[in-house]
Amino acid sequence: MDDLFTDPRLTMSGLLLEASGGLLAKLEPVMREHGLSNLDLNALMRLSRSPGRRLRMSDLAAQTSLSTSGVTRLVDRLARAGLAARESSPDDRRTTYAVLTPQGAERLARSLPDYLAAVDRWFTGLLAPEQLASLVEALRVVRDAAFPEATEYTPD
């Protein structure tokens with residue numbers, strides 16, 4: 001039984017959770033300075049990197065691990081701030097898109113230098129290039145297996 005408590009997989013998974021939580025804790029104040037939460041930033045980045053700077057609400061929900069109602073509340077909050085908008089599909093009235101507004105793109109562009117500096121300070125800058133490349137490759141394998149919706153894009 002003692003072997004179970006010293007299983008190296010516990011150490012690996014614990015380190016991953018601690019590193020992730022610690023990194024988020026370091027990045028959150030940077031985003032707050034720009035009036036954004038980590039969730040806001042995640043949504044705005046996903047919209048900015050999507051074709052037409054828009055995603056179906058259901059795709060944004062899947063990519064952010066939010067429920068349908070959760071992504072609705074998020075996009076509504078971003079819309080009240082002028083950072084995103086909702087658009088109905090002209091082809092399918094059942095489909096609604098979240099769209100990055102010019103104001104949202106501007107806020108994101110103003111926020112990203114500080115965000116990237118913090119990412120460099122607390123993550124990428126701590127690793128040698130070969131360590132970083134290996135880590136990115138490994139994280140992509142784990143992410144794709146555990147959370148395939150994160151990159152899934154389904155065009156109309």
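A: Arg 54 stands opposite Val 99 in E3. Strands here are DSSP runs of E with at least two residues, and helices are runs of H or I with at least four, numbered from the N terminus. E1 and strand E3 (residues 96-100) pair in the antiparallel sense over 3 bridges. Pairing requires that DSSP finds at least two bridges between two strands.

This is a predicted model, where local features need pLDDT of at least 70, side-chain atom pairs count only at pLDDT 80 or more, and totals for chains, interfaces and linings use all residues. Residues are numbered from 1 along each chain as its sequence is written, and side-chain values use heavy atoms, with hydrogens and water left out.

Now the whole sheet. It is open, has 3 strands in the order E1-E3-E2, and its pairing is antiparallel. Strand E1 (54-56) and strand E2 (84-88) are the edges, each pairing on one side only. Neighbouring strands are turned by 25 degrees against each other on average, direction ignored. Strands of a sheet pair through backbone hydrogen bonds, either parallel or antiparallel.

Next, the helices. H3 lies across E1, E2 and E3, and runs at about 95 degrees to E3. Helix H4 (residues 57-64) also lies across E1, E2 and E3. H4 runs at about 90 degrees to E1. Such angles run from 0 to 180 degrees between N-to-C directions, with axes fitted to C-alpha atoms, for helices over the stretch in contact. Contact means heavy atoms within 4.5 Å.
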